[in-house]
Amino acid sequence: MTGNAEPMARNAEPMTWSPDPMTPSSGLWVVIPAFNEERSLGATLRRMAEQTDADFALVVVDNASTDDTAGVVRRFAAEHPGVNLRLVTEPEKGTGTAADTGIRHAIAYGATYIARTDADCLPSPGWVAAVKRAFGEGLEMVSGPLRPRTDEFRLKWWERRLLPAVVSVAALFGRLRPGNRDPAHLGPYVMMPGCNVAITAALYDRAGGFPRTRIEDVHEDRALVNRVRTLTRAYGLRNDVVVFGSVRRLRAYGLVGTLGWYADHRYKPDVVDIR
């Protein structure tokens, strides 16, 4: 392993509601890092339970939450015994840290493929199936469209189009950004948001994984993409790998602030964690 990657966090304490936690036959695990997400996480878990392809394991990483995030997971597990679900704790705050802990936990328990979404997002019902198809086509890392949630707020017409526009502008900036244009890269820059990304366990290990950092310091998804680009060209986007994301940051930061946030943190608010 390289870079800032570390083995599965020593403080991780997996808890499971199955007497014999099983690795799914597909080898696919879904990781959800969560910090103070008691209000949003339930909807995300329900969407994962509604996937058209249920052959996956699910691990939620409680990242030093001070609310009832862990309780939401436990109650959901008790009410949905058919969901292969476990909870891991990561006391060191950071989106990169929590995601890396969850993925390394999954790999330690036999995962060959890992998908990640976030605790304020709703993957489309066919998301897991689409991720599997992408791997079956030979991709080693895949992402897809990020669209706005419509159940979270009463969105106006223009707001429904603003999140995709922000993502498109950020993707364009990413292609032009000097830090993403290293001669060592084997292929072009592709924006793969951390809330909608999947990768093989082998490539994750080779790339060193997500940097164990806070989002205030490093966009860990961009860092992982650039690590992967030095190793393989087998990454890309698929239109059917769809996740619906929260617009709460867009509402809190505003359009200009949101663009500045994604452009190397040129805008950094006093409160980064919007809940």
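Tutor: Buried means under 20% relative accessible area. Keep in mind that this is a predicted model.

Student: Why is Phe210 called buried?

Tutor: Phe210 has 2% relative accessibility. The cut-off is under 20%, so Phe210 counts as buried.

Student: What makes Tyr204 count as buried?

Tutor: The relative accessibility of Tyr204 is 0%.

Student: Why is the pair of Tyr204 and Phe210 called edge-to-face?

Tutor: A pair of aromatic rings is described by the distance of the centres and the angle of the planes. For Tyr204 and Phe210 the centres are 6.0 Å apart and the planes 70° apart. Centres within 6.5 Å make a pair, and planes over 60 degrees apart count as edge-to-face, so both parts of the label hold. The whole structure has two aromatic pairs.

Student: How do you know that a charge sits over the ring of Phe210?

Tutor: The charged end of Arg116 is 5.1 Å from the ring centre of Phe210. The distance limit is within 6 Å, with a further condition of within 35 degrees of the ring normal. Lys93 is placed likewise over the ring of Phe35, with its charged end 4.4 Å from the centre.

Student: What makes strand 2 largely enclosed by the rest of the structure?

Tutor: Strand 2 covers residues 28-34, and seven of its seven residues are buried, so the strand is largely enclosed. In a regular strand the side chains alternate between the two faces of the sheet. Here Leu28, Val30, Ile32 and Ala34 point one way, while Trp29, Val31 and Pro33 point the other way, and all are buried.

Student: How do you know that strand 2 pairs with strand 3 and with strand 5?

Tutor: Pairing needs at least two bridges. Strand 2 has six bridges to strand 3, running parallel, and four to strand 5, also in the parallel sense. Ala34 has Asp62 of strand 3 as its bridge partner, and Leu28 stands opposite Tyr113 in strand 5.

Student: Why do strand 6 and strand 8 count as edges?

Tutor: The open sheet has the order 6-11-8. Strand 6 and strand 8 each have a single partner strand, so one side of each is left without a neighbour in the sheet.

Terms used:
Residues numbered from 1 in each chain as written. Predicted model: local features only at pLDDT ≥ 70, side-chain atom pairs only at ≥ 80, totals over all residues. Heavy atoms only, no water. Phe/Tyr/Trp six-rings, centres within 6.5 Å; stacked < 30°, edge-to-face > 60°. Buried < 20%, exposed > 50% of the residue type's maximum accessible area, 1.4 Å probe, protein only. Helix = DSSP H or I, 4+ residues; strand = E, 2+ residues; numbered from the N terminus.
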